Amino acid sequence: MEISKTVLDEVTQAFQIGEEPFSIRRYGSGHINDTFLLENGDKKYILQRINTSIFRDPVSLMWNIRHVTDFLRKKIVCAGGDPERETLNLVSAKDGTDYYIDRNNNYWRIYRFITDAVSFDLVRRPEDFYQSGLAFGHFQRMLADYPAEELFETIPDFHNTPKRYADFCRAVEEDAAGRVSGVKREIEFFMERHEDYDMAVREHREGSLPLRVTHNDTKLNNIMIDSRTGQALCIIDLDTVMPGFSIFDFGDSIRFGANTAEEDERDLGKVSFSIMLYETYCRGFLRGCAGSLTKTELEMLPQGARLMTLECGMRFLADYLQGDIYFRTDREGQNLDRARTQIAMTADMEKKWEEMSSVTRETAAAVTADGR
Ligand code: ADP
Ligand code: GN1
Ligand code: MG
């Protein structure tokens, strides 16, 4: 959506960032919010318009972010870290709130820019992926004593895979954009696997898979890596921090980062599931979790990766069938390409299933042995 210069000026003037003019440009490759970089010499901020057709209750969402970042800030300070760089920092509006509502009823927020740090759409070096596993595991551990019942569910049933499948089937049935006939094979792929979709929710219902405070959107570009040290610095994109399953935080990172190609790659010959990257992330994540995962969680890590890949694939395909109304696209067919990479990833994971399971067991054993 185009946002006028008048609105951007109105919004920037509403926050406590000084009176000097900033240059403004679109920034990053997130699929949901509108993100801009504000820049004036060394002064930089991230400005975001919250996507309120997806996040229906932006006030509660901002409440979550304020409280989670304050909580993390205290933990980081206690551990001797730098809270300016290791967690997101909201900038207040001039009226003291954490957001601003513009003339069109859009909600905006500003974060301090994390300098000398980068985020990636593709694993550049395995070490970056290891670092990201370590940081997402650590993030979960830092939030282990956060009062989960106080968090708002910003998107209900976000990783309820059977519900996602039902939504997908509805999109196929409705065929709103008249695209079903062209993607029969892709639809079939997700339908053939329908019996597996309730694996995690079933384990939870039976009491063996705990709900934790999780991030729920753990892709590689939601973590900032320090450009100087190469270490993971800060977990960003906290819009979906809410109760969830650890195996899904693990799995969503794998679906995105253990792919040898980008999420929207058109040449499927380039897409594969890298066992080497899987092992690398697994090692980092388990070290970050530091022994906090249960036996069932450890056993279900490969399934977490497969389910997240299937779920995300279904979401991309459903969006394609509905005429690209959810995920941002910048070219024709991009959601279909994204769905196809998830299909190729799943198929490759299934081919490498035995290896994936044994690598998980061996990595868990090695990390436990290290920790002694
Ligand atoms: P979306 O919800 O649309 O994915 P994100 O919050 O992930 O939006 O932001 C999009 C991109 O903007 C990120 O991938 C990252 O590159 C950059 N970004 C976001 N917040 C910051 C920040 N505080 N400092 C530096 N870069 C940031
Ligand atoms: C979206 O916001 P972003 O781009 O980090 C989506 C995730 C998907 C991801 C696929 C709120 O994440 O669930 O896994 O795209 N976020 C939301 O790339 O739907
Ligand atoms: Mg993001």
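Q: Which polar backbone atom lies 2.9 Å from a nitrogen atom of ligand 1?
A: This is a predicted model. The backbone atom belongs to Ile114.

Q: What else surrounds ligand 1?
A: The ligand has 20 residues around it, the closest being Gln48, Ile114, Ser119, Asn221 and Asp237. Ser119 places a polar side-chain atom 2.9 Å from an oxygen atom of the ligand. From Asn221, a backbone N or O atom lies 2.8 Å from an oxygen atom of ligand 1.

Q: How should I read a sheet, and which strands make up the open sheet of three?
A: Strands of a sheet pair through backbone hydrogen bonds, in either a parallel or an antiparallel way. Here the order is E7-E9-E10, and the pairing is antiparallel. E7 (117-118) and E10 (232-235) are the edge strands with a single partner each, so one side of each has no neighbour in the sheet. E9 (residues 223-226) is joined to E10 by three bridges; Ile225 has Ala232 of E10 as its bridge partner.

Q: Which helix packs on this sheet?
A: Helix H4 (residues 126-142) does, touching E9 and E10. The direction of H4 makes about 45 degrees with that of E10.

Q: What span should helix H11 have, and is H11 largely enclosed or open?
A: At 1.5 Å a residue, the 21 residues of H11 (301-321) should span 30 Å, and the end C-alpha atoms are 30 Å apart, which agrees. Buried means under 20% relative accessible area. Of the 21 residues of H11, 21 are buried, so the helix is largely enclosed by the rest of the structure.

Q: What follows H11?
A: Gly323 does, with a positive phi near 90 degrees.

Conventions:
Residues are numbered from 1 along each chain as its sequence is written. Chains are lettered from A and ligands numbered from 1 in the order in which they are written. This is a predicted model: local features need pLDDT of at least 70, side-chain atom pairs count only at pLDDT 80 or more; totals for chains, interfaces and linings use all residues. Side-chain values use heavy atoms; hydrogens and water are left out. Helices (H or I, at least four residues) and strands (E, at least two) are DSSP runs, numbered from the N terminus. The expected span of a helix is 1.5 Å times one less than its number of residues. Buried means under 20% relative accessible area, exposed over 50%, partly exposed in between (1.4 Å probe, protein chains only). Two strands pair if DSSP finds at least two bridges between them. Contact means heavy atoms within 4.5 Å. Axes are lines fitted to C-alpha atoms, for helices over the stretch in contact, and angles run from 0 to 180 degrees between N-to-C directions. A residue is near a molecule or strand if one of its heavy atoms lies within 4 Å of it. A polar contact is a pair of N or O atoms within 3.5 Å; within protein, one must be able to donate a hydrogen and the other to accept it, and residues adjacent in sequence count only if both atoms are side-chain atoms.
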